[in-house]
Amino acid sequence: MFKQFLRFAVRGNVVDLAVGVIIGTAFGKIVTSLVDDLVMPIIGILLGGINLKEFSFTFKDSSIQYGSFLQTVLDFIIITYSIFFFVQLFYKLRKIDHDKPIGQTKTNSELLLEEIRDLLKEKRE
């Protein structure tokens with residue numbers, strides 16, 4: 001059972017997934033810092049020095065922190081937009097054919113068709 005677990009754990013997909021989770025966690029921290037340290041203070045200045053994170057109201061013995069919720073929603077929107085942007089960029093880069101050798105402007109199919117054409121010409125002559 002331990003050997004099966006090791007085979008599963010060192011498969012490429014599992015390792016790639018682990019790396020993705022680690023990078024995603026770090027990216028989330030960067031975006032949170034961006035929102036907390038840059039965006040929210042600017043929004044506060046534009047709103048007349050208001051700190052949205054401090055917005056709350058008290059109901060009986062509980063404090064409802066809706067300002068903190070607004071900040072978390074803003075984090076989500078920025079992270080979602082960033083992921084959308086990078087996915088779109090990835091798709092555009094993926095359309096570029098990196099398998100073509102440098103200097104080759106014709107595809108393999110085109111080269112093969114030219115070779116067939118040349119052979120047919122030679123056969124007719």
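Here are some friendly notes on this predicted model, point by point.

1. **The nonpolar core.** The largest nonpolar core has five residues in all: Val31, Val35, Met40, Leu52 and Ile78. Helix H2, which covers residues 12-46, gives the most to this core, with three residues. As general background, nonpolar side chains in soluble globular proteins tend to be buried together.

2. **Val31 and its partners.** Leaving aside neighbours within four places in sequence, Val31 is in contact with Asp75, Ile78 and Ile79.

3. **Helix H3.** This helix runs over residues 66-95, 30 residues in total. From its first C-alpha to its last it reaches 44 Å, close to the 44 Å expected at 1.5 Å a residue.

4. **Ile79, next along the helix.** Ile79 also sits in H3, but Ile79 counts as partly exposed because its relative accessible area is 23%, and buried would need a value under 20%. Apart from neighbours within four places in sequence, Ile79 is in contact with Gly28 and Val31. For a sense of scale, Ile79 and Phe5 are 74 residues apart in sequence, and their C-alpha atoms lie 33 Å apart in space.

5. Phe57, Phe59, Ile64, Tyr66, Phe69, Leu70, Val73, Phe76 and Ile77 make a nonpolar surface patch of about 890 Å². H3 gives the most to the patch, with six residues, while strand E1 (57-59) and H3 each supply at least two. Leu70 is one of the patch residues and lies in helix H3. Is Leu70 exposed, partly exposed or buried? Leu70 counts as partly exposed, because its relative accessibility is 40%.

6. **Lys60 and its backbone.** Here is a detail for anyone checking torsions: Lys60 has a positive phi of about 55°, although it is not a glycine. Lys60 is found in the loop between E1 and strand E2 (62-64). With a relative accessibility of 71%, Lys60 counts as exposed.

7. **The salt bridge.** How many salt bridges does a search of the whole structure find? The search finds one. It joins the side chains of Asp118 and Arg117, at 3.3 Å from N to O. In general, side chains of opposite charge can pair when their charged atoms come close. Both ends have some accessible surface: Asp118 counts as partly exposed because its relative accessibility is 34%, and Arg117 is likewise partly exposed, at 42%.

8. Lys3 lies in helix H1, residues 2-9. With a relative accessible area of 68%, Lys3 is exposed. Lys3 and Arg117 are 114 residues apart along the chain, and 56 Å separates their C-alpha atoms.

Definitions and conventions:
Residues numbered from 1 in each chain as written. Predicted model: local features only at pLDDT ≥ 70, side-chain atom pairs only at ≥ 80, totals over all residues. Heavy atoms only, no water. Core = buried A, V, L, I, M, F, W, Y, C linked by side-chain atoms within 4.5 Å. Buried < 20%, exposed > 50% of the residue type's maximum accessible area, 1.4 Å probe, protein only. Helix = DSSP H or I, 4+ residues; strand = E, 2+ residues; numbered from the N terminus. Contact = heavy atoms within 4.5 Å. Expected span 1.5 Å × (residues − 1). Patch = residues over 30% accessible without salt bridge, like charges linked within 9 Å, V, L, I, M, F, W, Y side chains within 5 Å. Areas by Shrake-Rupley, 256 points an atom, 1.4 Å probe, with all protein chains shown as cover. Salt bridge = Lys/Arg side-chain N within 4 Å of Asp/Glu carboxyl O.
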